[in-house]
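Please look at the sequence and the model below before reading on.

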Amino acid sequence: MEDRLTVAKQLLNPENSVLICTIDEKEYLRLGLLLEKVFPAAHIQMISIIINPSGAKRDNLFSRSDEYAFIVLFGSAHVAHPEGNGPEKEVRWWYLRRTDFSSRRGTVKGGVAQFYPIYVDDATHKIVHIGSPLSPDQLITDAPVISGATAVFPIREDGVEMNWGLTGDSLRKLLKEGVVRVTPSNNKNQPYVFRYLSANYKRKIKDGRWRVEGTREDGSKIVVETKGKALLKQK
């Protein structure tokens, strides 16, 4: 790792450039020390990146929900914050399909409750039904057919069958609350992409950090970030 950083030092512009390194919790302390050693004149900041809001389960250990990124700023490079009176940004929505390969369909970690069909109306592109889970030995063709709707499963572009990030009951609840989004996909194995807001969205709205601005055509809410959190700190 030190050799790679030494090479990077030769390529980076000391007057104005940025180096970003990502790493998990096992080696982030060593990486931090190396960065300080190789780039003593740079400004170094570490931030956390949420990769799984529900936490990745590990046997006999605490679950892990984030990784870390070191931002190394050289010379005049700096973080550009949006203007205080600028437009408010929409909040980040989580992808419903799991991304970690160890949680794919049929694995012990993935379980048997989160591989189920989500039926999307072919005309309106809205979710009209959430089916029951299929066991690992069942084919997706075993799922019931709903006329005028497409049954969508969590399947990657390469054909690997994954799992949804929520159980059917949890997804139904969020769908009723208007915090599930549907968009078409170029993935022939999964023709629609689903995104959702985690259950703590209500608390963030109550705290003034988020605000509901309206509703999309698919029935989902338009939620934006506000400056409520910053205002609370100033009081």
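Apart from its neighbours within four places in sequence, Ile118 is in contact with Leu96, Ile127, His129, Thr150, Ala151, Val152, Trp164, Leu171 and Phe194. Contact here means heavy atoms within 4.5 Å. The model is a predicted one, in which local features need pLDDT of at least 70 and side-chain atom pairs count only at pLDDT 80 or more, while totals for chains, interfaces and linings use all residues. Residues are numbered from 1 along each chain as its sequence is written, and side-chain values use heavy atoms, with hydrogens and water left out.

Ile118 belongs to the largest nonpolar core, which has 24 residues. A nonpolar core is a set of buried Ala, Val, Leu, Ile, Met, Phe, Trp, Tyr and Cys residues joined through side-chain atoms within 4.5 Å. Buried means under 20% relative accessible area, exposed means over 50%, and partly exposed lies in between (1.4 Å probe, protein chains only). The residues with the most contacts inside this core are Leu96, Ile118, Ile127, Leu171, Phe194 and Leu197. At least two core residues each come from β5 (118–121), β6 (127–130), α3 (168–176), β8 (180–184) and β9 (192–196). The largest share, three residues, is supplied by β9. A second, separate core has 15 residues, among them Leu12, Phe39, Ala42 and Phe74. In soluble globular proteins, nonpolar side chains tend to be buried together.

The chain as a whole has five helices and 11 strands. These elements are DSSP runs numbered from the N terminus, with helices (H or I) of at least four residues and strands (E) of at least two. Of the 235 residues in the chain, 36% are buried. Among contacts with a separation of 6 or more, 64% are between residues 24 or more positions apart. The accessible surface is about 15100 Å², and 53% of that belongs to carbon and sulfur atoms. Accessible areas come from the Shrake-Rupley method with a 1.4 Å probe, and for residues only the protein chains shown count as cover.

Next come the aromatic rings. How many aromatic pairs are there? The count comes to five. Rings of Phe, Tyr and Trp (its six-membered ring) pair if their centres lie within 6.5 Å; planes under 30 degrees apart count as stacked, over 60 as edge-to-face and the rest as tilted. Phe115 and Phe153 are a stacked pair, because their ring centres are 5.1 Å apart and their planes are at 25°. This pair links distant parts of the chain: Phe115 is in the loop between β4 (94–95) and β5, Phe153 is in the loop between β7 (149–152) and α3, and the two are 38 residues apart. Both Phe115 and Phe153 are buried. Tyr116 and Trp164 form a tilted pair, 6.4 Å centre to centre with 50° between the planes. Tyr116 lies in the loop between β4 and β5 and Trp164 in the loop between β7 and α3, so this pair ties together parts that are 48 residues apart in sequence. Tyr116 and Trp164 are both buried, and together with Phe194 they form one aromatic cluster.

Charged side chains also pair. There are 12 salt bridges, each defined by a side-chain nitrogen of Lys or Arg within 4 Å of a carboxyl oxygen of Asp or Glu. One of them joins Lys202 and Glu177 (3.1 Å, N to O). Lys202 sits in helix α4 (residues 201–206) and Glu177 in the loop between α3 and β8, 25 residues apart. Lys202 counts as partly exposed because its relative accessibility is 47%, whereas Glu177 counts as buried at 17% relative accessibility. Another salt bridge connects Asp158 and Arg156 (2.7 Å, N to O). Asp158 is exposed at 53% relative accessibility, and Arg156 is partly exposed with a relative accessible area of 22%.

Two loop residues remain. Ile51 is found in the loop between β2 (43–50) and β3 (66–75), and is partly exposed, with a relative accessible area of 38%. His125 lies in the loop between β5 and β6. His125 has a positive phi of about 60° although it is not a glycine. Most residues other than glycine have a negative phi.
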